[in-house]
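Please keep the sequence and the model at hand while reading.

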Amino acid sequence: MSNENQFDVVVIGGGPGGYIAAIRAAQLGFKTACIDAWSNAAGKPAPGGTCTNVGCIPSKALLQSSEHFEHAGHAFAEHGINVSGLELNLPQMLKRKDTIVKQNNDGILFLFKKNKVSFFHGLGSFGGKADEGYTINVTGPTTATLTAKNVIVATGSNARQLPGAEFDEKLILSNEGALAIEAVPGKLGVIGAGVIGLEMGSVWRRVGADVTVLEGLPTFLGAVDEQIAKEAHKLFTKQGLKINLGCKIGAITKGENNVSVAYADSTGAEQTATFDRLIISIGRVPNTNGLNGEAVGLQLDERGFVVVDDECRTSLPGVWAVGDVVRGPMLAHKAEEEGVAVAERIAGQHGHVNFNTIPWVIYTSPEIAWVGKTEQQLKAEGVAYKAGTFPFMANGRARALGDTSGMVKFLADATTDEILGVHIVGPVASELISEAVVAMEFKASSEDIARICHAHPSLSEAVKEAALAVDKRSLNF
Ligand code: FAD
Ligand code: NAI
């Protein structure tokens with residue numbers, strides 16, 4: 001083997017977990033390679049994983065475009081802007097999304113060059129143990145044999161299949177097909193009212209589809225603070241999303257141009273709904289396809305996740321795993337944090353990921369964002385807490401924006417006043433939540449936030465006011 005292909009660190013998978021781990025490892029002085037199998041339509045490398053290609057980035061591009069369309073059609077008039085002849089140019093909307101994806105792919109390739117990470121386009125698989133670690137074979141567009149002292153597995157996840165309803169990406173769509181429907185479906189069905197169901201359901205509703213969501217559980221967004229979830233349910237329903245909870249899905253039958261879904265509704269009554277397209281978004285499963293972990297005895301759990309300890313060490317010395325392929329929330333920023341921490345641990349440093357302060361965001365309109373504990377979790381854990389809420393209705397900037405839906409909610413320890421959770425449903429919640437994350441990371445109290453000067457007029461004043469409300473001293477409500 002040529003010395004050229006001997007590495008200190010080989011990362012398998014170039015999604016947010018893998019490419020960030022590779023960059024950090026290279027920054028720390030390791031000779032690093034990253035292998036990624038994703039190809040674009042032209043067969044060229046498309047690093048960035050699910051997030052860049054069929055996840056975070058394209059979904060946010062379509063959410064933005066469809067929101068502009070909705071505003072032009074329904075919100076501009078109130079601002080005194082009359083629009084006539086408004087038309088949807090869906091091919092352009094999809095093309096813009098594809099351009100943004102490609103910019104991100106190319107950006108990652110540039111970052112690899114800048115940081116001297118060797119990139120291999122192909123499938124990486126364990127060959128076996130080598131003197132100095134492991135042999136990794138690359139097959140696909142590139143063929144190579146690498147050796148590495150340290151291997152970071154970052155192979156991500158795939159959409160979970162519903163038995164009897166294989167994804168064909170034409171009528172029955174995973175996230176991939178849901179991001180590329182070539183004509184607005186008249187009737188769109190969505191199975192699963194989770195993050196993807198609500199985000200993609202919102203995109204297609206805004207551009208004209210009649211969207212029905214069928215959710216198995218009797219509660220809406222069970223992981224979200226109940227008060228926030230209730231408010232969101234009310235707002236989404238008002239927008240026209242038909243959300244049916246407590247559905248038991250039966251047979252799914254494909255016609256030539258449509259799909260029928262038989263289900264029992266929450267009362268137990270048998271129903272059949274026929275859709276032009278059906279998105280199935282019922283969670284994701286870890287991906288270790290083609291990794292050949294058996295060659296080295298890489299341990300998986302019963303659900304297929306790579307088994308790791310709290311610090312992302314697998315059962316094998318020198319082999320680590322990060323991101324969607326291991327336990328914990330399937331979020332790009334969680335994958336990135338783990339990637340950085342692992343590279344630092346390999347360097348003998350004390351990489352750290354605080355699972356208590358990982359923010360969640362659902363990019364609907366209004367957005368839903370939270371960090372820390374929900375009220376129902378605190379109750380279940382018997383923690384004494386105080387709550388404070390503040391509605392965007394009473395925020396001047398929200399009124400000026402014309403988006404006054406939702407609220408900010410603080411939960412703080414009843415004795416120490418330490419912030420235990422912050423929950424937002426409202427405009428730009430994705431950005432507002434950062435203040436709460438920083439505050440919680442520094443173990444701030446709600447009084448700390450209440451005493452900090454926030455710019456006026458800004459949405460962030462609603463965060464300050466909710467913190468004030470914990471002590472029942474909101475000034476503007
Ligand atoms: P992935 O991004 O899945 O990357 C894994 C990469 O490894 C892929 O490129 C794959 O081709 C490659 N690979 C797999 N096996 C091999 C192999 N053997 N050899 C070589 N390469 C291999 N998260 C957020 O935080 N915010 C969002 O807004 C958000 N939106 C989303 C929207 C959608 C529609 C979806 C589906 C997901 C979204 N997510 C979001 C989740 C986010 O995409 C994932 O949590 C994140 O991509 C996980 O990163 P990862 O690096 O672990 O895996
Ligand atoms: P999800 O876990 O968010 O939601 C799945 C929903 O499907 C749940 O409400 C579940 O109860 C329901 N469900 C499961 N089985 C069902 C069945 N048989 N019939 C009816 N309903 C059923 O999963 P989703 O939406 O597929 O997204 C996967 C993951 O991707 C998310 O959990 C998240 O980690 C990530 N993601 C993150 C985003 C973000 O951060 N903004 C955006 C999109 C995805």
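Leaving aside its neighbours within four places in sequence, with which residues is Asn-287 in contact? Asn-287 is in contact (heavy atoms within 4.5 Å) with Thr-155, Gly-156, Ser-157, Asn-158 and Val-325. The residue lies in the loop between strand E16 (284-286) and strand E17 (319-321). Asn-287 counts as buried because its relative accessibility is 15%; buried means under 20% relative accessible area, exposed over 50% and partly exposed in between, with a 1.4 Å probe and protein chains only.

The model is predicted: local features need pLDDT of at least 70 and side-chain atom pairs count only at pLDDT 80 or more, whereas totals for chains, interfaces and linings use all residues. Residues are numbered from 1 along each chain as its sequence is written, chains are lettered from A and ligands numbered from 1 in the order in which they are written, and side-chain values use heavy atoms, with hydrogens and water left out.

**Domains.** The domain assignment, which is automatic or from a database, gives domain 1 (3-158 + 285-353), domain 2 (172-282) and domain 3 (357-470). The C-alpha centres of domain 1 and domain 3 lie 31 Å apart. Their contact takes 9 residues from domain 1 and 7 residues from domain 3. Between them the two domains bury about 690 Å², 71% of it on carbon and sulfur atoms; buried area is the accessible area (1.4 Å probe) that two parts lose on being put together, summed over both. On the side of domain 1, Lys-60, Leu-331 and His-333 lose the most area to domain 3, together 41% of what that side buries.

**Helix H1.** Helices (H or I, at least four residues) and strands (E, at least two) are DSSP runs, numbered from the N terminus. H1 (residues 16-27) is mostly covered, with 11 of its 12 residues buried. Among the elements that cover these buried residues are strand E1 (6-12), helix H4 (90-114) and helix H8 (332-346). After H1 comes Gly-29, whose phi is positive, near 95°.

Strand E13 (residues 259-264) has 5 of its 6 residues buried. Its pairings are tabulated below; two strands pair if DSSP finds at least two bridges between them.

| Strands | Sense | Bridges |
|---|---|---|
| E12 (residues 248-254) and E13 | antiparallel | 5 bridges |
| E13 and E14 (residues 270-275) | antiparallel | 6 bridges |

Lys-248 stands opposite Ala-264 in E13, and the bridge partner of Tyr-263 in E14 is Gln-271. E12 and E13 form a hairpin with 4 residues between them. The hairpin of E13 and E14 has 5 residues between the strands, and there Gly-268 takes a positive phi near 95°.
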